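Grab a pencil and let's work through a few exercises together. Have a go at each task before you read its solution.

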Amino acid sequence: MASILILLVLLHAYIGWRLIPALAFAPVLQWLLAALLVLMCLLMPLSLLARRIRTQPLSDRLAASGVLAMGLFSSLFVLTLLRDVLAVPVWVAAFWLSWPAWLAPASALAVLLLAVLATLWGYLNARRTARVVRVDVPIEGLPQALHGFSIAQLSDLHVGPTIKRGYVEAVVARTNALQADMVAITGDLVDGSVQHLAVHVAPLAALRSRHGTFFVTGNHEYYCGAQPWVDELRRLGLRVLMNEHVLLQHGDAALALAGVTDYGAHNFDATQRSDPQAAIADAPAHARVRVLLAHQPRSAGAAARSGFHLQLSGHTHGGQFLPWKWFVRLQQPFTAGLHRWQHMWVYTSRGTGYWGPPKRLGAPSEITHLRLVSA
């Protein structure tokens, strides 16, 4: 923890060092920026410690303030760094050209304005109810009865300090309007305990579809106590799939729907290691279409070897906001959308909520309406 605090102080100091002197033309801005940097440096660690405060709504308010500060800091830091990188060719060219004196203060002011605008715009994008994204998935040899079979996918809601019951109710209403054949929730539903968040997750019991609602765990469930949440979701009527499958009889065809625990579940409970092969074991041959719910896209390799036709995942948030969306591929094979992995399709949701800063730029939240169609 001490090393994180030191790093935070150094990064905030870097922003101040690079921007405050350049704002000498407006002393008020200098003081405001200095105060803002000190406040952000204090609020961000508090967001990590807020869970230890049992008093509500104080705990949630501190956490919300901290993640808002985190979002603004991210934009300030990235834009300040970009300003310095772009300054290098300016310094080189200065040997031959005379640059106007206003360039440095103007660029510093631009950093401030862009950071604030990006944070406000990202906040509005994050807080609006996720929109419906419609995707057709072509499946070779799809039985006629399954042509048009629809799945409403929710992922990464992250119910917690800033996402509450009202948002969940809006998502449920929009999902029910799709009249899907089934609903899939692909993990990272919560950021907190059953005790604190059960009332905010309760609206999921109102999800309606022909075959019901199915859930698989994400990494955040394990941070918050996976088994109590599995028990609570089952109490609400959701079917939790933990390395197992069910058969969905749809007309005269059957679909094998499997679900695995999170890719890293074994780090919290050795008995819950993610296993796509075990999830589909003993599935009858007449269930010719096999769909896997797996929180992380990187389950795709094992899923393809196990004979699945489609994997539904989340986890990445589509990167959530720039520039971090460009770094997702360092850990996951896909960032967002429909992609091919050998003979199998993988759809990666951008997420229905958000994690950390209420900020989405270039990666809008989504409720995904997928249809199986004949290839």
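**Exercise 1. Find the salt bridge that Glu 232 forms, and describe both ends of the pair.**

Step 1: Glu 232 forms a salt bridge with Arg 235, and their closest N and O atoms are 2.8 Å apart. The term salt bridge stands for a side-chain nitrogen of Lys or Arg within 4 Å of a carboxyl oxygen of Asp or Glu.

Step 2: Now look at where they sit. Glu 232 and Arg 235 are three residues apart in helix H8, so about one helical turn separates them. Helices (H or I, at least four residues) and strands (E, at least two) are DSSP runs, numbered from the N terminus.

Step 3: Check accessibility. Buried means under 20% relative accessible area, exposed over 50%, and partly exposed in between (1.4 Å probe, protein chains only). Glu 232 is buried, with a relative accessible area of 9%, whereas Arg 235 counts as exposed at 60%.

A quick note before you go on: this is a predicted model, where local features need pLDDT of at least 70, side-chain atom pairs count only at pLDDT 80 or more, and totals for chains, interfaces and linings use all residues. Residues are numbered from 1 along each chain as its sequence is written, and side-chain values use heavy atoms, leaving out hydrogens and water.

**Exercise 2. Work out which parts of the chain the salt bridge between Asp 84 and Arg 18 ties together.**

Step 1: The closest N and O atoms of Asp 84 and Arg 18 are 3.0 Å apart.

Step 2: Asp 84 lies in helix H3 (residues 58-93) and Arg 18 in helix H1 (residues 2-19), so the pair ties together parts that are 66 residues apart in sequence.

Step 3: Asp 84 is buried, with a relative accessible area of 13%, while Arg 18 is partly exposed at 22%.

Step 4: Arg 371 forms a salt bridge with Asp 136, with 3.1 Å between the closest N and O atoms. This one links strand S12 (residues 366-374) to strand S1 (residues 131-139), and the two residues are 235 apart. Arg 371 is partly exposed at 31%, and Asp 136 is partly exposed at 42%.

**Exercise 3. Describe how H1 and H2 are arranged.**

Step 1: The axes of H1 and helix H2 (residues 27-49) come within 10 Å and cross at roughly 165°. Axes here are lines fitted to C-alpha atoms, for helices over the stretch in contact, and angles run from 0 to 180 degrees between N-to-C directions.

Step 2: That angle makes H1 roughly antiparallel to H2 (under 35 degrees counts as roughly parallel, over 145 as roughly antiparallel, 65 to 115 as roughly perpendicular, and the rest as oblique).

Step 3: Find the residues in contact (heavy atoms within 4.5 Å). They include Leu 5, Leu 8 and Ile 15 of H1, and Leu 33, Leu 37 and Met 44 of H2.

**Exercise 4. Find the largest nonpolar core and the elements that supply it.**

Step 1: A nonpolar core is a set of buried Ala, Val, Leu, Ile, Met, Phe, Trp, Tyr and Cys residues joined through side-chain atoms within 4.5 Å. The largest one has 35 residues, and Val 159, Ile 185 and Leu 233 are among those with the most contacts inside it.

Step 2: Elements that each supply at least two residues of this core include strand S2 (150-154), helix H5 (165-176) and helix H8 (226-235).

Step 3: Zoom in on Val 159. Not counting residues up to four places away in sequence, Val 159 touches residues including Val 168, Leu 189 and His 200.
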